[in-house]
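Please open your viewer and get ready to select residues by number. We will go from stop to stop, and at each one you can look before reading on.

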Amino acid sequence: MSAALRLASAPCTWGVWERTIGRDDLVPPERMLDTVRGLGYTGIELGPPGYFGDDSESVVRALEPYGLALVGAFAPLRIADEDGFRDDLAFLDRTIATLAAAGARGPVVLAGDENPIRLAVAGRPEARRETSLRGDDLRRAAERVELAAQRALDGGVEAAFHPHVATYIESADEVAALLDATDPSVVKIAFDTGHTVVGGGDPVELARAARDRIAHLHLKDVDAAILGRVRSGDLSVEQAWEEGLFCPFGEGVVDFAAVLAELEGFEGWAVVEQDRVAVRSGDLDAVREVEVRNLAVLQAAA
């Protein structure tokens, strides 16, 4: 693997993210961090609020013994709702402050919010097109994204917008429209191979088309059979997550070798993700073994 590709992990791989934060059986932070370090990772994303600590000092204390850099934190925004967006800025500001105080080496990862309109059509490109933002709605959403990214930059933190399933920026054409409507020096993207596929795009084509705007990288693979059930309407995206939509690397449809070839020389963080909904402490060793294989697939692809 290219020495320039800096690999990080993410709590969602270990079952800790917005969809599981209410559970009382999550893997304890110390066990996760020790496992991540043992796999050779040098960075990790923040995960949901409070998991690594309630403030920047707590986060620093949690990560420091493991030598892991904080490489990003997720901040959803209601980009199609002015009042909701304004309310979301308070959480964004807290996230920016945590990253800045912790000396983070990665961005605040902005994304549109998952909402009922888009959840109902997520992963089904033909149905999704009817709900895309257009005209003034798209322009205002792009302005909000740019405002949020500039807010991060003003706070001393990089920003990258994550096109995300079940949000208003899901598909390749929606990504292109957002990039066309925003300042290239301000709005970069967090490119996710898995979400690109589910949104109906080709990760290799998007990597090529948006190369100059990619500041952060999430590597995922996608199970073709489960995705087919989403496309047909047999499964919702939420159900598909639980069924294992994002599968072990090399078992899905993502051509990691071709994606990484397009990103030769990429200097940001590459976060290895395999979203899992149900991970308990007793599952940790099994998840670790899958991670070993995931890393081997990336090693062979580079």
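The helices named on this tour are DSSP runs of at least four residues, numbered from the N terminus. One more thing before we set off: the model you are looking at is predicted.

**Stop 1: a residue after a helix**

Select helix 13, residues 284-301, and then pick A302, which lies in the segment after helix 13. Is A302 buried or exposed? A302 has a relative accessible area of 52%, and exposed means over 50%, so A302 counts as exposed. A302 and L5 are 297 residues apart in sequence, yet their C-alpha atoms are 9.2 Å apart in space.

**Stop 2**

Next, let us go inside. In soluble globular proteins, nonpolar side chains tend to be buried together. Here the largest nonpolar core has 98 residues, and the members that touch the most others are M32, F52, L92, V108, L110 and F191. Which helix gives the most to this core? Select residues 135-154: that is helix 6, which contributes 7 residues.

Stay with F52 for a moment and show what surrounds it. Beyond the residues up to four places away in sequence, F52 touches a list of partners that includes P11, P29, M32, I44, L46 and V59. E45 and S58 are also among the residues that F52 touches.

**Stop 3: the largest pocket**

Rolling a probe the size of a water molecule over the atoms shows where empty space is left. The largest pocket holds about 380 Å³ of space. To find the pocket, select C12, W17, E18, F74 and H164, which are the closest to its centre among the 28 residues of the lining. Now colour strand 4 (73-77) and strand 5 (108-112), the elements that give two or more residues to this lining. Strand 4 has the largest share, with 3 residues. What classes of residue line the largest pocket? You can count 12 nonpolar, 8 polar and 8 charged residues there.

**Stop 4: the second largest pocket**

Move on to L46, P49, G50, F91 and T98. They lie nearest the centre of the second largest pocket, which is lined by 20 residues. Helix 2 (56-63), strand 4 and helix 3 (82-101) each supply at least two residues of the lining, and helix 3 gives the most, with 4 residues. By class, the lining of the second largest pocket divides into 10 nonpolar, 6 polar and 4 charged residues.

**Stop 5: a cavity**

How many cavities of 30 Å³ or more does the structure hold? There is 1, and the largest cavity has a volume of about 30 Å³. Select P163, E170, S171, A172, V175, H195, T196 and L206 to show the residues that line it.

**Stop 6: T193 in helix 8**

Helix 8 covers residues 193-198, and T193 is found in it. Is T193 buried or exposed? T193 is buried, with a relative accessible area of 0%. What does the side chain of T193 reach? Draw a distance to the backbone oxygen of K220, which the T193 side chain reaches at 2.7 Å. Leaving out residues up to four places away in sequence, T193 also touches others, including P203, H218, V254 and F256.

**Stop 7: two residues in loops**

Select S132, in the loop between helix 5 (125-129) and helix 6. S132 has a relative accessible area of 14%; buried means under 20%, so S132 counts as buried. A polar contact of 3.3 Å joins the side chains of S132 and R128. Beyond its neighbours within four places in sequence, S132 is in contact with R118 and E174.

Finish at A166, in the loop between strand 6 (159-161) and helix 7. At 0% relative accessibility, A166 is buried. Most residues other than glycine have a negative phi. A166 is not a glycine, but its phi is positive, at about 75°.

Terms used:
Residues numbered from 1 in each chain as written. Predicted model: local features only at pLDDT ≥ 70, side-chain atom pairs only at ≥ 80, totals over all residues. Heavy atoms only, no water. Buried < 20%, exposed > 50% of the residue type's maximum accessible area, 1.4 Å probe, protein only. Polar contact = N/O pair within 3.5 Å; in protein donor to acceptor, adjacent residues only side chain to side chain. Contact = heavy atoms within 4.5 Å. Core = buried A, V, L, I, M, F, W, Y, C linked by side-chain atoms within 4.5 Å. 1 Å grid on protein atoms, 1.4 Å probe; cavity = no way out; pocket = protein on both sides within 12 Å on 5 of 7 lines; lining within 4 Å. Points joined across faces, edges and corners; volume = space filled by probe spheres on them. Nonpolar A, V, L, I, M, F, W, Y, C, P; charged D, E, K, R; others polar.
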